[in-house]
Amino acid sequence: MSEDTTTYDSTSGGALEASGDDITAQLAAPSFKLSNLHGDTVTRTGDRPSVLCFIKEDCPTCIAVLPVLSALHNSLAEHIDVYLIGQTADGNQRMTEQYDLPFSLLDDSTLHVSYASNIEIVPTLMVTEADNQISDALVGFQRDEWQTLLQNVAGRLGTAGPTLDWDRLPLWRPGCGSLSVDPTHADRLRAEAEDSPIRARNIEIGQLDDPFEFMFDQGFTDGLPVVPPTAERVLRMLAGTRREAQEVVAVMPPNMGEVTVEKAAINAVMAGCKPEYLPVVLALVEAICTDDFNIHGVMATTMGASPVAVVNGPIRERIGMNMGIGALGQGNRANATIGRAVRLIVRNVGGATPGGTERSTLGSPLKFTMCFAEWEERSNWDPLHVERGFEREDSVVTVWAMSSGPSLIIDQESLDGDQLAGTMGKTMETIFNHKAYSHTNTLLVIPPEHVDTFARSGYTKADIRERIQTVTRRDIQDLVADETAGVGIKPELAEKMAAGAPGLQLSKFAKPEDVHIVVAGSEAGKFTGCFHGWVAGPKGSIPVSRKIEEV
Amino acid sequence: MSFKILDPTNEAVPVTRQVTPRPEKLTGRLAFLDISKPRGNVLLDRLQEALEQRLPQIEITRYTKPTFSKPAPDALRVEIQRDNDFVIEALAD
């Protein structure tokens, strides 16, 4: 028997010393079918007066009251239904053998009955009436109270009370915590209870099956192992949001699956998220399921686009996202698992699987996960979410459909903003191919050393965009397909365009705003990361920002 | 004790669709849907020439999706379905 399972602390004192009325209001009289030690099923429907007591083996107070329970059984069981319930199967067996009990303990090792009865302390003794109301109850052991209660019951039944040498019992013993409120079991019990927020189908994995292998076999994963989404884990995940578990966050193509908060939470567990990441996952799901973002096309395209997400605002710090060294790589749980969770939702709820409706020719590592935070404090520029109309204090996630990246723009020589933005523009001319103009957008991830170069020239984000558009400007004739490369504008179209606008020139991007800029990365290194977009605009995908729920 | 997990999918049971019976003979109204991929129109032009030579009894109507990157708008699908007996959709590139 371990002393440390006994509840002596002050937090339980209130319950132990509470008046009978308080305890009866707190408890619930259960209906159940439980097995006794002989394997017989004992049913309680609650339409007859009864006495119930919950105990567990490793509680010294429960052991101390065994003589009382024996006397209670011997004197009253013929006159009233008596249910003596133990919380572990092995413990029931041992108590019976060790103390030679005259009654057969009922097995509540699933703890469902204890949970449904709101038992917090053992022993708990309760008396119920024909209408199943609890008329009296005691928790822990106080000798005079137990004596009075049992004598009252006996008196009402017109029989003698338990024959017992009460003086040999301790005057008072505090109870122990019920196993049904033990953190080891509480989440499972909440998940299995009638008022559980969980509605998803339970999938039973055979005793000889490895859950990890099973989930691979079912096609639930992205090719890497996933955390088994047990009800306990999903319940803990759901604690990360205030939203109702069955709220539909979005309807996700291609199968038009309803992404409920619960389904998102299940996939977030699988991805390895902590509960505090869930609001970011939910906001991201909302963002990609808009007509603007067009997740259907993003997944279906042979080009192989994928969501790339950036988080801004206070939540970055709160959930420990990486915006510094290696922000776009592995090693940070939030960065890695938020993007992965969304990708698993797209797969499992939306139904986009490679070779199915996901038709990417090559695929891309971006399709596993790509989510990071902007280092807002490392530049004097407005951070992304403020540029996009949110308050600086808002937590926001923004998502783009990107076909590749981050490819590096390496410039360790330029000393001012013009030169550096010039390098960026000239490097980006070949996005898609060297003649693909006005097709796509880009996300530039500028590291601190490049930020400092721009800062020396007083360069704003608008200046960078303008410079990129200027250095990439080309005559329409230069963009026509030729013998060197078959790509480019068809000669007849170029002629038509030029006829309407003599001297027409195009810049790499249809508009400066197609160059999106964030700051991230370590203090050392003059390498800007460049994500290449997909079909930018209403015909393809438009980046979307969503405010993240404050929890 | 067995191990239980929660279903991460949308739990939908897919509808099994029957393939529409194939007719012996191609007659009636035929929709040509260009999904707006480069050279989709070239493919459909050639196909239209070939079909009109061999199957003078059919009437071809050309349709175009606004963009290949999104599903066809509902209105377009309804129109094609209402006014035609067959559809040929061109991918190309």
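Of the 102 residues in the largest nonpolar core of this predicted model, the ones that touch the most other members are Ala268(A), Val281(A), Leu284(A) and Val285(A). A nonpolar core is a set of buried Ala, Val, Leu, Ile, Met, Phe, Trp, Tyr and Cys residues joined through C-beta atoms within 7 Å, and a residue is buried if 20 or more other C-beta atoms lie within 10 Å of its own, exposed if 12 or fewer, and partly exposed in between, with C-beta atoms placed from the backbone. The element that gives the most to this core is H12(A), with 9 residues; helices (H or I, at least four residues) and strands (E, at least two) are DSSP runs numbered from the N terminus.

Residues are numbered from 1 along each chain as its sequence is written, while chains are lettered from A and ligands numbered from 1 in the order in which they are written. Because the model is predicted, local features need pLDDT of at least 70 and side-chain atom pairs count only at pLDDT 80 or more, whereas totals for chains, interfaces and linings use all residues.

- Leu284(A) touches Ala309(A), Val342(A), Val397(A) and Val399(A), not counting residues up to four places away in sequence, where contact requires C-beta atoms, placed from the backbone, within 7 Å.
- A second, separate core of 38 residues includes Leu34(A), Cys62(A), Ile85(A) and Ile119(A).
- H11(A) and H12(A) pack at an angle of about 120 degrees with their axes 10 Å apart, the axes being lines fitted to C-alpha atoms over the stretch in contact and the angles running from 0 to 180 degrees between N-to-C directions.
- On the side of H11(A), the contact is made by Val261(A), Ala264(A), Ala265(A) and Ala268(A), and on the side of H12(A) by Leu278(A), Val281(A), Leu282(A) and Val285(A).

**Two further helices**

- Helix H10 (residues 231-238) of chain A has 6 of its 8 residues buried, so it is largely enclosed by the rest of the structure.
- The cover over the buried residues of H10(A) includes H8, H11 and H12 of chain A together with strand E1 (3-6) of chain B.
- Helix H17 (residues 417-428) of chain A has 12 residues, which at 1.5 Å a residue should span 16 Å, and its end C-alpha atoms are 16 Å apart, which agrees; the expected span is 1.5 Å times one less than the number of residues.
- Among the buried residues of H17(A) are Leu420(A), Ala421(A) and Met424(A).

**Residues in loops**

- Gly140(A), in the loop between strand E8 (134-139) and strand E9 (141-142) of chain A, is buried because 25 other C-beta atoms lie within 10 Å.
- The C-alpha atoms of Gly140(A) and Gly175(A) are separated by 3.8 Å, although these residues are 35 residues apart along the chain.
- Ser457(A), in the loop between H18 and H19 of chain A, is partly exposed, with 16 other C-beta atoms within 10 Å.

**Backbone features**

- Most residues other than glycine have a negative phi, and most peptide bonds are trans.
- A cis peptide bond joins Val122(A) and Pro123(A), with omega about -5 degrees, and the bond from Gly405(A) to Pro406(A) is cis with omega near -5 degrees.
- Leu111(A) has a positive phi, near 65 degrees, and is buried, with 23 other C-beta atoms within 10 Å.
- Met256(A) has a positive phi, near 55 degrees, and counts as partly exposed, with 13 C-beta neighbours inside 10 Å.

Conventions:
Contact = placed C-beta atoms within 7 Å.
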